[in-house]
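Subject: Structure handover

Hello,

Here is the structure you will be working with. My notes on it follow below.

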Amino acid sequence: MINWEELKHIHVIRKLEEILAQWFNTEIFFVDERGNVRNYDPLDRQREFRNPLCAMLLPKEKGRELLMKALGSANEKVYRIEKPHVVVEGPLGVESVLVSRIVVDNEFLGSVYAYCFIEKTLSTEARTKAKALLQGIGMDHDWFDAAVAKLRVPTDAEKKYLAELVDLVAQEIVTFHTEISKREERISALNSQLGNRYSYHSMIGKSKPMQEMYSLLDKIRNSESTVLVQGENGTGKELIARAIHYNSPRKDAQFVTVNCSAFNENLLDSELFGHVKGSFTGAIRDKKGLFEVADKGTLFLDEIGDMSPTMQVKLLRVIQEGTLIPVGGTEQRKVDVRVVAATNKDLKEMIEMGTFREDLYYRINVINLVVPPLRDRKEDIPILIEHFLTRGCKEKGVPLKVLAKRAMEKIFDYPWPGNIRELENEMERLIVLTGDDDRVPADLLSQRIRDHGEHAKVQGVRVAGKLKDALEELEKTMIREGLRRTNWNKSRLAKELGISRAGLIMKVEKYGLDKRKVMRGAGEAA
Ligand SMILES: Nc1ncnc2c1ncn2[C@@H]1O[C@H](COP(=O)(O)OP(=O)(O)OP(=O)(O)O)[C@@H](O)[C@H]1O
Ligand SMILES: [Mg+2]
C-alpha cells in the first residue's frame with residue numbers, strides 16, 4: 001500500500017501541484033484504491049484552494065459531500081481504461097476533471113484527480129442546470145457565475161500539457177512507492193541475512209561480535225548443558241547468564257546467583273549445599289543451600305576461578321551426579337539445576353598452575369561463551385551511550401542529553417579497560433555534572449579519558465646505545481602494559497603479541513613481570 005502521508009513531503013509532487021494550480025487553476029486530490037481521499041482534511045480550515053469551485057464547495061458541508069462523492073467514484077472512471085488518464089464530467093455536470101491512474105506492477109492503487117476546468121464557455125442552459133443542482137442539495141448559488149468565470153478553458157494543446165502534468169504526478173507516486181518498497185525489502189533482506197539485532201534481552205550491541213553472540217545464544221536456547229562465560233571485568237557476563245536462563249525452558253523457575261569469591265570456603269560450602277541444624281556453631285536450624293533453591297532453574301556461579309580446590313571437588317560431584325549432601329548431613333538430596341559459570345581468569349593457566357581442576361573445567365565448559373571487550377567492538381559505543389543517557393536522564397527526570405562531537409571522539413579513542421561498566425558509570429557521572437544543559441562538553445569527561453592519547457605514545461625509547469637493549473626495553477614495556485590491560489590473561493596476551501604462551505611466560509620471568517611485582521611497582525612504572 002502506498003504511504004500517502006509521505007507524499008506531502010515529496011518535493012517534486014508539491015512542485016507539480018503548484019504548477020497545476022498556477023496554470024490551470026486545478027486542485028489535485030489523491031484517491032486511494034478504496035476511494036478515500038488521502039490529501040484533504042475537512043478539519044483543516046487553513047487550507048486555501050486555488051480552484052474557485054473547491055473554494056466555494058469544500059467549506060460547506062453539502063458542497064463537501066458532493067465533491068467527496070465524486071472523488072470517491074473517481075477510480076471507477078480509470079480502473080478499466082487502457083490509457084493512463086481520462087477526462088470526465090464533474091459533479092456539477094458542467095466542469096471537466098482529469099483523472100490519472102496509479103498502477104504499480106499491474107496493481108491498481110488509486111488515482112490522481114485534477115479538479116477542474118471547463119471545455120468551453122458555459123451556455124445559459126448549462127448554468128441554470130448547475131444552479132438547480134446546487135439548490136437541490138440545499139446550497140445557495142449566487143457565487144456560481146463569478147466562480148465559473150475564474151475557471152480555465154484550456155486549448156487542446158494546453159489540455160495535453162495538463163494531462164502530461166497530472167500523469168507525471170501519478171508517475172512520481174509510483175516511483176516513490178516502488179523505491180520505498182524496494183528499499184524496505186532490501187533492508188529486511190539484509191537484516192535477516194545478518195540476523196541484525198540491536199539488542200538481545202537487556203544486552204545492547206549491534207557489532208559483529210555481538211551478533212555472533214546473539215546467534216549462539218539462540219542456538220543454545222533449549223540446551224541443558226553447562227555454560228562457561230569468559231570475559232574481562234564489566235563486559236556483561238552476568239547479563240548473558242541471565243539471558244541464557246530467561247531464554248531457556250527453565251525460565252519459570254529461579255535464577256540464583258552466587259559470587260564464589262565473596263565467601264570463605266566454609267561459608268560457600270553451606271551457602272551452596274545448605275547445612276543441617278547443629279552442624280557448626282551458629283547453625284541453629286536446617287538451611288537450604290542455593291543448589292536446592294535453584295532446583296529446576298539455573299544457578300549462576302560467578303567468579304568460579306576463585307573457588308577453592310576442595311569446593312571444586314564438591315561442585316564437580318553435584319554437577320556429575322545431580323545429588324548433594326548438606327554440611328553436617330548424611331542423606332543425599334537430588335537436585336535438578338543447570339549451571340552457568342563465569343570468570344575473568346585464565347582457567348587454562350590455572351589448570352597448568354594446579355589451582356583449577358581440569359576435570360571440573362571440562363565439565364563446566366561444555367558450551368563456551370567469550371564476551372568481547374568493548375575496545376573490540378567500538379561501533380557499539382554510540383548506541384550504548386544513547387542507551388545509558390536515555391535511561392539515566394529518565395531516572396533523574398532531566399532533559400535528554402547528547403555528547404558534544406569532541407567528547408564522542410575522546411570516548412572513541414579511550415581503550416575502556418573497565419568495559420561497559422566503566423562506560424555506564426561515566427555516563428551517570430556526566431548526567432550529574434552537566435546539570436540542566438542538554439549538551440555534554442568534552443571537558444567534563446573524567447581526566448583519564450580526556451587525557452588519553454595526549455601522551456600515550458611510547459615514551460623514552462632509546463635512540464642511542466645497543467639495539468638489543470632498546471628492543472628488550474620495548475618488549476618489556478609492551479608485555480608489562482599488555483599484562484595490565486588483559487588482567488594478566490597470558491593466553492590472550494600471547495595471541496595479541498603473536499608469540500607462544502610458553503614464550504610469553506619465559507619473558508615474564510626474565511623481566512620479573514609477575515603480577516605481584518608489577519602491582520607493587522605500579523606507581524613508579526605508570
Ligand atoms: N551489552 C550490554 N548492554 C547494556 N548494558 C550492558 C551490556 N553489557 C553489560 N552491561 C552493563 O554493564 C554492567 C556490567 O555488566 P555485568 O555485571 O554483566 O558484567 P560482568 O562481566 O559480570 O562484570 P564483572 O566481571 O565485573 O563481574 C552492568 O550494569 C550491565 O547492566
Ligand atoms: Mg559479574
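**Layout of the chain**

The C-alpha centres of domain 1 and domain 4 lie 80 Å apart. The assignment gives four entries for the chain: domain 1 (4–182), domain 2 (203–370), domain 3 (375–451) and domain 4 (467–525). These bounds come from an automatic or database domain assignment.

This is a predicted model, in which local features need pLDDT of at least 70 and side-chain atom pairs count only at pLDDT 80 or more, while totals for chains, interfaces and linings use all residues. Residues are numbered from 1 along each chain as its sequence is written, chains are lettered from A and ligands numbered from 1 in the order in which they are written, and side-chain values use heavy atoms, with hydrogens and water left out.

**Helix pairs**

Helices (H or I, at least four residues) and strands (E, at least two) are DSSP runs, numbered from the N terminus. Axes are lines fitted to C-alpha atoms, for helices over the stretch in contact, and angles run from 0 to 180 degrees between N-to-C directions. Angles under 35 degrees count as roughly parallel, over 145 as roughly antiparallel, 65 to 115 as roughly perpendicular and the rest as oblique. Contact means heavy atoms within 4.5 Å. For residue classes, Ala, Val, Leu, Ile, Met, Phe, Trp, Tyr, Cys and Pro count as nonpolar, Asp, Glu, Lys and Arg as charged, and the others, Gly among them, as polar.

- H11 (residues 265–273) and H13 (residues 309–321): the axes come within 10 Å and cross at roughly 15°, so the two helices are roughly parallel to each other. Glu265, Leu268, Asp269, Leu272 and Phe273 of H11 touch Thr310, Met311, Lys314, Leu315 and Val318 of H13. By class, the H11 contact with H13 has six nonpolar, one polar and three charged residues.
- H16 (residues 381–396) and H17 (residues 405–413): the axes come within 11 Å, crossing at roughly 120°, which makes H16 oblique to H17. On the H16 side the contact has Ile381, Pro382 and Ile385, and on the H17 side Met408, Ile411 and Phe412. The residues of this contact are six nonpolar, no polar and no charged.
- H21 (490–497) and H22 (residues 501–510): the axes come within 9 Å with a crossing of roughly 100°, so H21 is roughly perpendicular to H22. H21 contributes Lys490, Ser491, Leu493, Ala494 and Leu497, and H22 contributes Arg501, Leu504, Ile505 and Val508. Here the classes are six nonpolar, one polar and two charged.

**Salt bridges**

How many salt bridges are there? The count comes to 38, where a salt bridge is a side-chain nitrogen of Lys or Arg within 4 Å of a carboxyl oxygen of Asp or Glu. One of them joins Asp336 and Arg250, at 2.6 Å from N to O. Asp336 is in the loop between strand E13 (333–334) and strand E14 (338–343), and Arg250 is in the loop between helix H10 (237–247) and strand E8 (255–259), 86 residues apart in the chain.

**Backbone points to check**

Most residues other than glycine have a negative phi, and most peptide bonds are trans. The peptide bond from Tyr115 to Cys116 is cis, with omega near -15°; Cys116 belongs to strand E4 (residues 107–117). Asn487, not a glycine, has a positive phi of about 55°, and sits in the loop between helix H20 (467–485) and helix H21.

Regards
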